[in-house]
Each structure stands twice: as C-alpha cells, then as structure tokens.
Number of protein chains: 2
Amino acid sequence: MSSKRFFQSKLFLFVAVAVLAAALVVVIGPKADTSAQGDPLDWQTIAEERGLTDADLRAAVMTYMPSGQLDEYVMFASGGHSGQVFAIGLPSMRLLRTIAVFTPEPWQGYGYGAGEEVLAGGNMLDGQEVRWADTHHPALSETNGDYDGQWLFINDKANARVAVIDLRDFETKQIVKNPLYLNDHGGTKVTPNTEYIIEPGQYGMPLGNEFAPLSDYEEAYRGMITFWKFDREAGRIDQSRSFAIELPPYWQDLCDAGKLVSDGWVFCNSFNTELALGGIEEGNPPFEAGVSQNTTDFLHIINWRAAEEVFLAGDTVEINGMQVITLDTAIENNLLFFTPEPRSPHGADVAPYGDFIIVSGKLDPHVTIYSFQKIMDAIEAGVEETDQYGVPIISMEDSVEAQVELGLGPLHTEFDNQGYAYTSLFLDTAVARWSLGGENYRPEDGWTLQGTIPVQYNVGHIAAAEGDTVDPDGGYLVSLNKWSVDRFLSTGPLLPQNLQLVDISQGGDSMQVLYDMPLTAGEPHYAQIIKADKLNPWDVYPEIGWDPVTQSVSPDAVEPGEEGVFRDGNNVTVRMTAVRSHFTPERVEIRKGDRVTWTITNIERARDATHGFALPYYNINLSLEPGESITFEFEATRDGVFSYYCTEFCSALHLEMMGYMTVQP
Amino acid sequence: MSSKRFFQSKLFLFVAVAVLAAALVVVIGPKADTSAQGDPLDWQTIAEERGLTDADLRAAVMTYMPSGQLDEYVMFASGGHSGQVFAIGLPSMRLLRTIAVFTPEPWQGYGYGAGEEVLAGGNMLDGQEVRWADTHHPALSETNGDYDGQWLFINDKANARVAVIDLRDFETKQIVKNPLYLNDHGGTKVTPNTEYIIEPGQYGMPLGNEFAPLSDYEEAYRGMITFWKFDREAGRIDQSRSFAIELPPYWQDLCDAGKLVSDGWVFCNSFNTELALGGIEEGNPPFEAGVSQNTTDFLHIINWRAAEEVFLAGDTVEINGMQVITLDTAIENNLLFFTPEPRSPHGADVAPYGDFIIVSGKLDPHVTIYSFQKIMDAIEAGVEETDQYGVPIISMEDSVEAQVELGLGPLHTEFDNQGYAYTSLFLDTAVARWSLGGENYRPEDGWTLQGTIPVQYNVGHIAAAEGDTVDPDGGYLVSLNKWSVDRFLSTGPLLPQNLQLVDISQGGDSMQVLYDMPLTAGEPHYAQIIKADKLNPWDVYPEIGWDPVTQSVSPDAVEPGEEGVFRDGNNVTVRMTAVRSHFTPERVEIRKGDRVTWTITNIERARDATHGFALPYYNINLSLEPGESITFEFEATRDGVFSYYCTEFCSALHLEMMGYMTVQP
C-alpha cells in the first residue's frame, strides 16, 4: 500500500494506540503481569535480532502455521527418482505424507510383508523385479476438468509404469507395466472425466521391447501413446479396455488433455524429429546437440475420442497383450495431426477454457500459443503436407494464435484465476507472469509479459493452486527448483531440491517468494495443488479386519477370541490380534521348515492407534493402521529365538508389546 | 518483558519513530513508491486476517527462515522403522537431508547399484538379507564429552545392528551385525572420546541366537551389552577390538556413558527382573503386566574401562566371533553392580558434570537421581547383597541423591545451560522442567519442579540443543511426539509423527511451543542437536574419481578420453564419464549373456552438479555427486533396447542426457 494509504489504515491506528498505551503505562505505572500471549510487540525485537526484513515478516506470517492450525491446500509432488509421491501442505510447506508407490518403504510396511502384490504389478513382463522408479507427473482424478480429490496417478519414466493411489487412505493400490515400452515421460495426465490416463513414451524404441540395432532406427523404432482405461468403480486401471497409438520415432514428451471446447483431444510436444542417434564416442554430435538441430519439431494433435471408437471397433493389432492402433490406421482415421513447434520444444499446456495450447521451446525465448479453433479450422479445410511417415502437418500460420517473448529457457506453464499464465524459465532461473489475450482472459492486456521473479535455482516445473484445471484458484504458486546450492545448511555433496512458495495473489509484477522448502528426495518433477477441503480421507479404516488392497473386510481377518497357532503338517497358521499393548498370542512355537501363514488384525478404533509389527531376520515390518488386517507368509528356514514386537510407539507400555517366536531345530 | 521495560526499550523508539514518520508523510505528502521490501507493517494486516496471536507471531519469526538464511543447529533424528536418519534444521524445522542407512533408497542410489557392500554388512550371520531397520538412538561422535561433528552412529533395534555415518558427506559407510543377539535397544551411545559405541540388548535371548525353549529362560537366556571399538583413523568399527559382557536375562534398556568424574563407567536401566514370559493366550499376564510386577528393577552400573582391561587380558569366551566377558568373570572383576530403580524404569541419563544419573519410572511420577559419588563410596565400602545371578546390589539408600515428583509417565531427561533438566511425561503428554540441585547447577532452587508444558501428543524422547553433552546450549528443545492425531491435515489412517520445537531460552515455567513439524516416517525415536558450525561437510568430493565408500580415489575411476566399451570374451567393461549434458559413450552395444562391469565417473566440479544414472529393467539408479565414481555389475539376461539416462535434472538439455544399451539376442 502507499504511504498515504498506510497512514489511513488501521495499522496506523494500531501503532498510534500502542504508543498511547505505552505512554499511559508510564503515567499509571507498570501492569503487574504480561498477558498469557506474552508482550504484544516482543516479536519485533526477535525479528530485529534475527535480521528479518518487513518482507520476511510478511512471508513468515503467511507461511507459518500456528500449532494446531491446518493448511489450505495439499500439493501432490512426484518424488522423482525416490519412486514415491509427497503430499505437502500449503502455505506452510510442511511435508505431510510420503506415499510409498514404486519403492518399498518399511514405515508403511510396503514391501516388507505387505503390499507385495501391488509392487509385483510393476514387475517387468518376464517377472524381473524393479523396486524403484523415476516418478514424473502426478495427475489428480478429474470430474468435468476439475480435481475431484478421489484418485492420484503417477508414472515411472525409467521403466514405463503407471500407479494408482487411493486418496481415502493415501495408499498405492495398483501398478501397471506398459508392455510396449521401457520408458515414458509425459504421463500421467487424465482426460476431463478421468476416462483415460495418458502415458506417452519418451525415447524411441521397438514396440514390445524387441531387439533392433540402432542402425534400423527409422524403420524399427517407434514412438507411442497409451490410453489406460480407469475403472472408477473398481478403482483400477483395466488393461483390457486400454489402447495405444503407434507414433513416429520422434521423442514424444509432455501431453495435456483438451478440455471444454477441446475435450476429446490431447496435445503432446515432441523432439528429435532429426532421428539423431548420438554417438559422441564416435565423433557424432552428442544427443544434446543432435536432437536440437531442427528449427522446429512437431506438436502432436490426437483425437482420442475418435481413437477410442477405432479401438472399440477392433481396428488394432495386439502387442504383448496391448491393443495398438497402427500409425497407418491412425492416419487413415484422422486421429493424428502435427503442427510445427519451435526449437527444442518442451511442455504442452492447455489453457483453462480449453481454447489455447501453450508450448515452450527450451532454446527459444518465446512461448508459442496455438488456437484450438484454428487447428480445427485447418483440419476441416484439409491438410496436404505430411512428414516422412505420412502424418499431416498443419502449418504454423494456420495454428498459431500468438507468441510471447518471456526470457531464456521457458519450460512449463500454469494458470491462475486472473487470466494470467506463469511459465518457468530454466536458464533465467525465474518465473514469468504473462497475460492471456484471448477473450476469456485479459483481452485488455493482450498477450504480454507482465513481469518475472528470480527463483533459486534452476526451476523445472511450476505448480499453481488448481492451476491446470478449468477453474484455477490463483494465490499460490510453487517453483520446483532442481538445485539448492547455498540455500540451506550444507549436507555434503548431495543437496536437497528447493521448493519455493511464491505469492501470486496480486496482479502485475508483484510476485514474491515467501518460503524455501528443502526436499530431500529425488527431484519433485511436477506437482498438482488441490484445495484441502476436496479431500476426504478416512480417519480409521471403515471396519475392523480391513484389507487396504481390496478396500473391503478381509476374509482372513482375526476376531478377538479366535487367536492361536494352528498346525496342519508343516503348514502353520498364526492368527493374531493387536491392541494396546499386547499381541495375542505372545508365544509362537514352531519348527524349522514350517511354512507359516500369519495374519494380524489391529482391533483398535482410535485414530492414530497404529501398531507396527517387526519380525527379526525375516525382513518383516508391518504398519497396521486402526482396523487393518494383514496376512504374510514365510518359510521358517532358520532355528532360534525371534522376538517380535510393535514398532509404532503406541502407549506407555509399548516397549512391552512383544512376543517370542521360537523355532525348534 | 515488563510493560515498563517495553517502554524503555528500542521497540518503543521504533514505534515512536514510525508514528512520527507517518505524521511527516502527511505533512510532506506521500512518497512516490513503496520500498522493495513492501509496506513496513502490512504483515500485521495479514496476521489479523489469518487469526494469528502475538505468541504465534513471535513463534513465526523465530522459526521462519527467510529465503537463503541458514539454520543455527542441525538435529539428527532416528527415522524409526523407516530405517533411515533425518537431518533437520533448527529453528526452521526443515528436513534438510534423509540419510539412507539400513533401507535402500534410490534417490541416493543406495542399494540400486551403489552401496551394496555397505548394506551387505548388515546381513544376518548366515547371509540372510534384511533391508530395513528400526533405528533408535543416534549418537554423534564426541571428544572430551562434547560433540565433535565428525561421525554419527545409529542402532537397529529389530535386528541388532549398528551403522556408521560420515558427516563429511552424510553417507553411511558401515553396518555391523551383532553376532550375539537379534534385537537391541539402548544403543547407540558413545564413551566421551568415542573409544566405544555402546549397544545393549533388549529382549532376553540365548547368546549367539541359538534355540532354547522359553521354559529354559532363566538358565539359557541372557542379556548383554556390546562395546564396539571405533577406529577413527579408519572410520570403521573394528570387531576384532570389540567385546561384550554377558548380563542376566533382564531386559536391558537405555544406557548412557559416564563423563568427567564418572568417565570410565556406563549406566543402563533395565526391566523384567521378574523374568516374565508372557503368554496371554494361556491365561498368563501379558508381557505389559508381567514385566511390571516388581516394585523395582536394577540400574546396571558397569565399569567399562576395567572391562576393557579384562578383554585385553584375554579373559573372554568367543561366541560367533565376538569376545564375551562372562557374567561370572564380570562379577569376579567388579565390572558390574546393580542398584534398584522404581517401577517400570526407563532411561538413564547422565547430568552434564557426570555427577548424577537420572532414571525415570514409567509407572512412578518421580524421577530418581543417583549420585555417582555415593555409588563409588558404596562400592568402596563393599556390597554384600546380590541378585539370583550373583551381581552385587547397592541399596537405594546408598545410591540415591534425590527424587523429584514430575507427573505421569516420566521417560527421558535432557539438560540445558542454566542448570535445568527436562523430562518427557508420556501419560501427561507434557515436558517438565526441573532444577538440578547439585552444587554445579542450581543449588539455590534445589531439586524442584519448575513447570510443565503440554505437547501434542504422546511424547517419547526429547532432545535439547547439545543437551546430553558436558556443555549443553539451552535455547531450544524438541519434543518427539508419537501421535499427531488432529495437528495436521488428515492423510488417511496413517498419520505423521509430530516434532514440536519448544523455546526453553527463558527460565522458570516460561516454556513455549513454537512450531509443529510433521515427520512422515517411522517414529523419530531419539535425536541429538548439534551446533551447525561444528559440521564441516564437503561441498563436492575432494578429487575426481572419488569412491565414497573408501573415501579415496577409486582405482577404477574413468578419465575423459579413456571412455569406451571393452570386451574380453563374455566379459564387457563399460568405462563412462558424465558431464552436463551427456554420457560418453552414448551407445553400449552388447550381447545377451554378457557379464557387464560398468564404471561411471562424474567429472563435474561445480557444487550440486549431481548426475543420476538410470538403467531400465536392471533395477539400477545411481546418484553421482560431483567427482564421484561408481562401479556396478550385472549379467545381461534380457535382450532388447534399454535407454539409460540422467535422473537428476542437471541442465536445460538434461532430457537429452541419455544413451542406448542394445542387447543382441
């Protein structure tokens, strides 16, 4: 506010009253006691001692969550090569929950006696176990193009997999392996009513992961995009109702689904139309140069609703059990069009009204804005030119609405509720705000840069509050920075990422960095930010004996009174309950060579009354949330005495919540 | 401060100047522009909008770290059953670094092609792989009883293992398996010059993990305490110079090393002197009741320096390669004494001057303070009474200095620089401050409760700034709460822990909770807080080609110009460098069945210029920090095309930092 407005404000009143009160104290004498809240201005001394500026103070007040107060938003961030997903509260930037997805995690018991069948879904086609991932793009489920708070999806770039997370308990329910590919990138995104989860490939390879020499790249290697059908009722991806489209072996990159006027379409940027093969060791240009030679690559424009009809009509080929629409069929049926996109393209982001698609070029200081209407008009008018694989190419003259010069290294674009777009600038390590000139946004400003704000350092994606939906919230934006360098105390050569909260609530060039949050995990590639009140997680599992994988009562659940150790030859069944502060039974006496099936049911109903269960030597640790029932199996290959115990500090006598498994030789 | 002091303070001056300045603005007219820092008091409006109290504001200012400002302390917290360790900045309560210790973690490449030999050190004696842990008590290395910032140790309760972390790069260098036991608890603690790392067992079992039926508990089961020798020069635990002491099969619990006057001794509380065996399923009292029947258990008083002499003299037996001083030898050599400790004892914490040992009783509202001098006098005078195993028992009359009633469920005690002790109260979910009455502390206050502060909820350990050293700092204390319940946005039935920062800088009953930090991992059992300036981590590895396991240049490191793929029969050697933004070579063409040895050297020298390396299908992901060199091996069991790439976003052309491994059938 201006100085004049300050003087007129209630703050002036506050200051004036404080001075008057202080003067009064002198006249009347000191009060006997300070209030329970402490001296009303003592914080200022502390601020001075700590060298905080007024801007720091504002930021502190905006991001600080007083003890017991709750955040307004939850940001779901990919955990990059940690293989996990992180739920972070905004504006406090507190890490609320790590969700184990592709990587085993013992606190959650995931992969340590529980969740084994979920993880096994991510095995390679021949059964090879891969127990990490490079998670990239989380996608919240949508209804009518808006987040509905029910499901979260995330892809694994390294091994081309997709996971399904249930937001009732923030746990992973399914992992599927793409049978065509060994890498992906631009997924996951969802169509506006979560009909499909979109997973495009990244680096060209033979479909089905067959061998072909690099010298056969042009003929034998291909790109692809997979549409995974999501069955909301079952809460599962249904591969039998999913399909893929064969694409030229350009490197498809990032996709976004059309919405509202462009519903039914999907848009993906690509690069390496050069079909470069690298080989720096042989004197060739390295990939980084070879794939960036062309002035333009191709924005892929895909009619997924028409593709779905082709798939349902059976006009596909099957590769490793996946139905694939061939490139020729796609072209014949007008499913696929190209339009050029400038130098080293990255990102394809659909504006809130679905009317524009924004593409960045890493080596171009502009963003390029494509008009969906122009593209439709061009297709309607007929497209003559094709690429070498026969895909029709719409000229830029016929597709581009505008270009805006933003700065160096533009990457990704998100939106707010004031008609602004925000684009990350990697080389400038900054975030640019610019106005969308279309009639739905800020026609008065036109397509113009409004301002930039430096971030620290090397921003990749950005995420704005509900910023890729049909109804963005504005207010907050998070810059997902890849390098932190000197922003935090040093922790040796490996440093955390730096997530910076940016205030975008005011217009023009008024953005402000509020807070730096270190994230000590793989780079949080992309994130989505949802209003907290759209989430409705369970406090405890709905019924005692709950199996979180099936989300129903387990037929094996143990009821109090029926616990025991039961033997049938070498098959031993242990039926156990857990409640503060004991397991029943407390002694499990078995023999070496026994095949053990062990069920534990946590019969607690109090929120947070989770029990752990550790069994030494056998690599078992379970997390039994209130009501949960888990069954695990092992062979008693080793004799001795094994003390099992509760690993979740549950009561004053938690240390005594244990038992002995003795294994007789 | 009092109102009078406020009036005399510079704050009054600040307020007065502000009012004068505002008045001046009105007289002179508004300035053209507000400062870059924004309006100097606008934060107050925001605070009002957010419903913050003055206490909240103070806390915000104390805990908020402005963008780019660094913390004063680092807290190393165990990660509980996550198996990891967390480094957290104070006062911001930011999670700065997850240190992978017992559990594989792909962001750090740990267990995904690197660190395999470190993890293998934690295998069970027969080679069984256990890839998680229940980390309990981190211990920073000490010199003269004070943290020296060089090493960190941590134990695994579930499987009786100890890990060594080097604080130059915050990475785990060694895991050792205790050959006597399958569980531990009260370790790690170090002796005052880190001569030994102390690891006591927890639940009684036959030494060496032999089988014995529970009916033989009294004769065949034993307790133990292990003294692991730490070789600072080598940076490794040396088992050949380590020893253990056989103890009665009570459940030894938490140990602390004596210091200054009590240097050379170690003190451990214990429980289950009842030798209870549980068996609720047979109508017996469950363990939680059975082990709490006796009015007192035994504080163990161990002369480790005399024990070391017995060990060096060879008066030991060997069990699974560990030298063990038998219980009889320990008694004969006056290495072990008992003194009673009240109901359900927990914790044994030595005061800063080494003169007192504080023990809590979970079912006793008091803490009991033992005098080291009294204990020495009693031993000198001769001890007649023994327990059933022949261990001499010093009476409480001869050992206790004082008892202080604090509240319900006292657990653990830490210290500050003003002569106060702090004890967690589990059942009251509070932290008590009380005065140490000895001549070195606050003789004017005597042994008296000063006040308590509620925490949320179910506190276990607490950690004060350097609060278990000979020179505590005061100022901050962290309450490590096990339940968070309603303190954060719900994330389903599994909730984070809650670490609360408490201001203890003022005396008396003036403690204040400043901040709630959710920790989304296993319960952070215990923590130590060290001054940040005592740590000297490397910015990058000292030389190119560094092997972080040996902390020296690897003989296999690859220099630029010598990269390539080399074949010798079926043995293929890949020698590769990584630098922004390419790997050399970019093509690795091999054959199915090849045995591959692959070395990658990151030749970067810029801080934070880490490269990842993902190889699909083969479960490989490396983190190559600047200068680091890693070698991994695999057999090419599968033909096809495998796109390897950099997983750490390193530059604008990071996406192009890739290559193809083709495996011919």
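Let's start in a loop of chain A: A:Asp608 sits between strands β37 (595-602) and β38 (611-615). Keep in mind that what you have on screen is a predicted model. The backbone at A:Asp608 does something worth a look, with a positive phi of about 75° even though the residue is not a glycine. As a bit of background, most residues other than glycine have a negative phi, and most peptide bonds are trans. Is A:Asp608 buried or exposed? A:Asp608 counts as buried, because 22 C-beta neighbours lie inside 10 Å and the cut-off for that label is 20 or more.

While you're checking the backbone of chain A, have a look at two peptide bonds. The one joining A:Gln456 and A:Tyr457 is cis, with omega at about -15°. A:Tyr457 belongs to the loop between β25 (448-454) and β26 (459-464) of chain A. The other cis bond runs from A:Thr584 to A:Pro585, and its omega is near 0°. You'll find A:Pro585 in the loop between β35 (582-584) and β36 (587-591) of chain A.

Now zoom out to the domains. Chain A is divided into domain 1, made up of 73-278 + 293-408 + 463-470, and domain 2, which covers 546-664. Taken over C-alpha atoms, the centres of these two domains of chain A are 41 Å apart. Where they meet, 14 residues of domain 1 are in contact with 10 residues of domain 2. On the domain 1 side, the elements giving two or more residues to this contact are α5 (116-120) and β7 (171-177) of chain A.

Next, bring in the second chain. Chain A superposes on chain B by a rotation of 180° with 0.0 Å of shift along the axis, and the RMSD is 0.1 Å. That is the relation of a two-fold axis. Both copies use the same surface, as 99% of the contact residues of chain A recur in chain B. How many residues does each chain put into the contact? Chain A gives 171 residues and chain B gives 170 residues. On the chain A side, the largest share comes from helix α2 (residues 10-28) of chain A, which supplies 10 residues. Sorted by class, the side of chain A that touches chain B holds 86 nonpolar, 48 polar and 37 charged residues.

What about the interior? In soluble globular proteins, nonpolar side chains tend to be buried together. In this model, the largest nonpolar core has 410 residues, and A:Val431 and B:Val478 are the ones with the most contacts inside it. Leaving aside residues up to four places away in sequence, the residues that B:Val478 touches include B:Met75, B:Ile462, B:Leu499, B:Leu501 and B:Ile529; B:Gln500 is also one of its contacts.

Stay in chain B to compare two elements. Helix α4 (residues 54-63) of chain B has nine of its 10 residues buried, so it is largely enclosed by the rest of the structure. Among the buried residues of α4(B) are B:Leu57, B:Val61 and B:Met62, along with B:Asp56 and B:Arg58. Strand β33 (residues 564-568) of chain B is another story: of its five residues the number buried is zero, so this strand lies largely in the open. β33(B) does have a partner, as five bridges join it to strand β34 (residues 571-579) of chain B, and the two run antiparallel. One of the pairings to look for is B:Arg567 with its bridge partner B:Val572 in β34(B). Together β33(B) and β34(B) form a hairpin with two residues between them, and B:Gly569 in the turn has a positive phi of about 65°.

One last stop is B:Glu332, in helix α9 (residues 327-332) of chain B. B:Glu332 counts as partly exposed, because there are 13 C-beta neighbours inside 10 Å. The C-alpha atom of B:Glu332 is separated by 49 Å from that of B:Pro496, 164 residues apart along the chain.

Methods:
Residues are numbered from 1 along each chain as its sequence is written. Chains are lettered from A and ligands numbered from 1 in the order in which they are written. This is a predicted model: local features need pLDDT of at least 70, side-chain atom pairs count only at pLDDT 80 or more; totals for chains, interfaces and linings use all residues. Domain bounds come from an automatic or database domain assignment. Two residues are in contact if their C-beta atoms, placed from the backbone, lie within 7 Å. Helices (H or I, at least four residues) and strands (E, at least two) are DSSP runs, numbered from the N terminus. Copies are superposed by least squares on the C-alpha atoms of residues with pLDDT of at least 70 in both. A residue is buried if 20 or more other C-beta atoms lie within 10 Å of its own, exposed if 12 or fewer, and partly exposed in between; C-beta atoms are placed from the backbone. Ala, Val, Leu, Ile, Met, Phe, Trp, Tyr, Cys and Pro count as nonpolar, Asp, Glu, Lys and Arg as charged, and the others, Gly among them, as polar. Two strands pair if DSSP finds at least two bridges between them. A nonpolar core is a set of buried Ala, Val, Leu, Ile, Met, Phe, Trp, Tyr and Cys residues joined through C-beta atoms within 7 Å.
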